[in-house]
Amino acid sequence: MFVSMWVVFLLSGLVMAIVTIVWAIRSKQFDDQQRARFLPLTGLTGRELAAAPKKRHRAEIVGIWSMLIIGVSALGACLVLTLVVY
Amino acid sequence: MPNVVNILLPKEPGSASRRFFLSAAIWLFVGVFVALLAALGFVAPDLLPAHPMLSFGRLRPTHINIVVFGFLLSAYFGGFMYVVPKVCRTELFAERLANFAVWFWNAVVLGILYALPHGYTQGREYAENPWIIDIAILLAVLVLLILVFGTIIKRQEKLLYVSVWYIAGGLMWTFFVYAVGNVVWEPSSGSWTGMSDQILLWFYGHNVVGLVITPQAVALAYYILPRATGRPLYSHTLSLVGFWALIVMYTHTGTHHLLQAPVPQWLKVISIVNSIALLIPVFAFLTNVWMTARGHLDRVFESAGAKFVFTGTVWYFLTCLQGPFHSLPAVQKVTHFTQWVVAHAHMALLGFAGSIAIGGIYFILPQVTGRKLYSEKLADYHFWLTLVGGIGIFISLTIGGLLQGEAWANGEVVYRVLSELRVYFIVRGMSGVLILVGALLFIYNVLMTLLAKPSTAADEQPAEAIAKGVTA
């Protein structure tokens with residue numbers, strides 16, 4: 001029961017993925033990738049696109065860098081403990 | 001009577017998005033409040049009355065399910081109801097149906113809030129919801145699928161932007177992952193037996209993050225960051241490579257939660273290899289959005305919404321750097337069952353998914369209301385409260401987890417380690433208070449934005465200009 005259910009589930013996923021890719025190729029979804037890059041900018045004026053920031057945001061940059069350093073350090077400590085010590 | 005219908009199920013574009021956003025803000029507060037009650041139990045076990053509803057075994061699943069279904073998914077659904085029509089250059093398919101989805105979804109979340117604290121549970125970690133709620137969630141997802149595909153079919157734009165791929169794909173995965181993971185064809189138990197059930201359970205548990213939440217969060221980031229910077233996406237091709245890689249790599253990672261269990265070795269190997277290979281879609285996404293924002297971070301930080309979203313991507317980087325290493329047996333030997341894993345989960349759901357959900361609301365709300373955000377300053381306070389609170393939770397639980405793992409590896413018993421963890425539990429609780437205060441500010445800001453009347457000249461500007469603080 002388990003294996004047969006799993007195989008059916010996997011095959012149905014595979015079939016859906018193949019059907020989607022075939023549809024995408026036939027409807028030329030992958031042809032104009034350069035234009036697709038601009039789709040989220042629809043409706044913005046030239047002035048809005050070129051708007052300069054009102055100020056520098058150093059606090060946010062420091063905050064996010066701190067988070068990054070803490071996160072990477074935590075992973076480093078974990079790897080030292082698990083792969084070197086034990 | 002027609003008035004009641006128009007009030008409950010209006011046709012006005014953006015109305016369903018607005019209601020989903022308000023729901024998400026309220027459910028964030030509820031979910032965090034429940035979490036704080038659970039965290040209090042670790043700091044002062046005798047503080048709360050000994051009521052079953054306040055026991056950790058009921059508070060934890062309530063917290064998780066309210067945050068996932070009430071907060072995160074409500075925010076994402078509100079987001080896609082704006083983003084999909086926008087990049088498809090059309091209107092949302094059936095706004096009334098979308099408003100029905102809002103009411104139905106909130107009824108489902110209310111059902112969760114009633115059932116789990118009262119002990120109506122299927123007792124499977126992350127898949128606790130009773131069968132009737134499982135079915136209601138699947139029906140709601142079907143309605144949302146109709147909305148997305150209906151909008152795609154009537155689109156004016158031939159090309160599908162990557163956000164639409166992720167949103168449509170994510171909703172389809174949500175349906176199948178939820179149905180299979182919750183074993184909905186077994187109404188009496190919602191489960192199988194033995195290891196087969198555990199494999200299904202972790203297929204669900206891990207894919208809730210990877211195939212239900214991540215695609216929706218990534219979709220929002222792919223829309224918001226180019227728009228906030230005024231720059232086109234760095235590479236649409238790369239974004240599609242990431243999308244298809246996610247499909248291939250993610251489905252079978254769940255078994256890495258069962259490396260110490262008697263699961264077939266080949267399945268463990270697949271789960272570990274796929275977990276490491278996940279770095280491909282992850283870095284495809286991160287490279288893309290960071291290269292888009294490169295040199296324009298000050299414009300990103302100008303908008304409260306984009307600031308949250310960008311921070312979410314950095315949390316995503318950290319989460320996905322940790323994740324593959326967790327799947328290594330040598331690492332799990334120390335970290336498994338410890339607070340380290342809880343830290344990782346908060347980094348993923350609060351840091352990554354939560355930040356992008358909040359950012360999505362702050363960014364899109366002015367666009368669906370046609371008004372400026374009520375207070376950028378309050379949003380800024382919310383940002384710092386969430387960032388500091390998130391880091392506090394992450395640091396305290398990470399250190400606590402490593403202490404636990406190290407002590408257990410040395411043969412120390414569980415209860416003797418608990419006293420060493422107390423200070424970290426206190427820091428975790430205090431960090432939770434910061435996040436709760438932020439959630440209150442969030443509700444107030446969202447509510448006041450919704451209630452404000454568009455009376456000034458600024459309010460009549462194009463909504464997208466208002467969202468970025470640009471005046472005409």
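Author: A definition is needed at the outset: a residue is buried if 20 or more other C-beta atoms lie within 10 Å of its own, and exposed if 12 or fewer do. Please also bear in mind that this is a predicted model.

Reader: With that definition, what share of chain B counts as buried?
Author: Of its 472 residues, 55% count as buried.

Reader: And what is the figure for chain A?
Author: In chain A, 13% of the 86 residues count as buried.

Reader: How does the radius of gyration of chain A stand against that of a compact globule?
Author: Chain A has a radius of gyration of 24 Å, whereas a compact globule of 86 residues would have one near 12 Å. Its C-alpha atoms fill a box of roughly 60 × 55 × 20 Å along the principal axes.

Reader: Which domains does chain A have?
Author: Chain A is divided into domain 1, residues 1-39, and domain 2, residues 57-86. The C-alpha centres of these two domains of chain A lie 37 Å apart.

Reader: What can you tell me about helix H16 of chain B?
Author: Helix H16 of chain B covers residues 414-451, which is 38 residues. From its first C-alpha to its last it reaches 52 Å, close to the 56 Å expected at 1.5 Å a residue. H16(B) also has a kink of about 50 degrees, centred on Glu420(B).

Reader: Let me change topic: is Met81(B) buried or exposed?
Author: Met81(B) counts as buried, because it has 33 C-beta neighbours inside 10 Å and the cut-off for buried is 20 or more. Met81(B) has its place in helix H3 of chain B.

Reader: Which residues does Met81(B) touch?
Author: Leaving out residues up to four places away in sequence, Met81(B) touches Ala16(B), Ser17(B), Phe20(B), Leu92(B) and Ala98(B). Moreover, Met81(B) and Leu147(B) are 66 residues apart in sequence, with 8.3 Å between their C-alpha atoms.

Reader: What is the pattern of contacts across chain B?
Author: Among contacts in chain B between residues at least 6 apart in sequence, 84% join residues at least 24 apart.

Reader: How many residues does each chain give to the contact between them?
Author: Chain B gives 47 residues and chain A gives 41 residues. By class, the side of chain B that touches chain A has 27 nonpolar, eight polar and 12 charged residues.

Reader: One last topic: what is the phi of Lys28(A)?
Author: Lys28(A) has a positive phi of about 60 degrees, although it is not a glycine. Most residues other than glycine have a negative phi. Lys28(A) lies in the loop between helix H1 and helix H2 of chain A, and counts as exposed, with 10 C-beta neighbours inside 10 Å.

Reader: And what is the phi of Arg89(B)?
Author: Phi of Arg89(B) is near 55 degrees, a positive value in a residue other than glycine. Arg89(B) is found in the loop between H3 and helix H4 of chain B. With 13 C-beta neighbours inside 10 Å, Arg89(B) counts as partly exposed.

Notes:
Residues are numbered from 1 along each chain as its sequence is written. Chains are lettered from A and ligands numbered from 1 in the order in which they are written. This is a predicted model: local features need pLDDT of at least 70, side-chain atom pairs count only at pLDDT 80 or more; totals for chains, interfaces and linings use all residues. Two residues are in contact if their C-beta atoms, placed from the backbone, lie within 7 Å. Ala, Val, Leu, Ile, Met, Phe, Trp, Tyr, Cys and Pro count as nonpolar, Asp, Glu, Lys and Arg as charged, and the others, Gly among them, as polar. Domain bounds come from an automatic or database domain assignment. Helices (H or I, at least four residues) and strands (E, at least two) are DSSP runs, numbered from the N terminus. The expected span of a helix is 1.5 Å times one less than its number of residues. The bend at a residue is the angle between axes fitted to the seven residues ending there and the seven starting there. The radius of gyration is taken over C-alpha atoms; the globule rule is 2.2 Å times the number of residues to the power 0.38.
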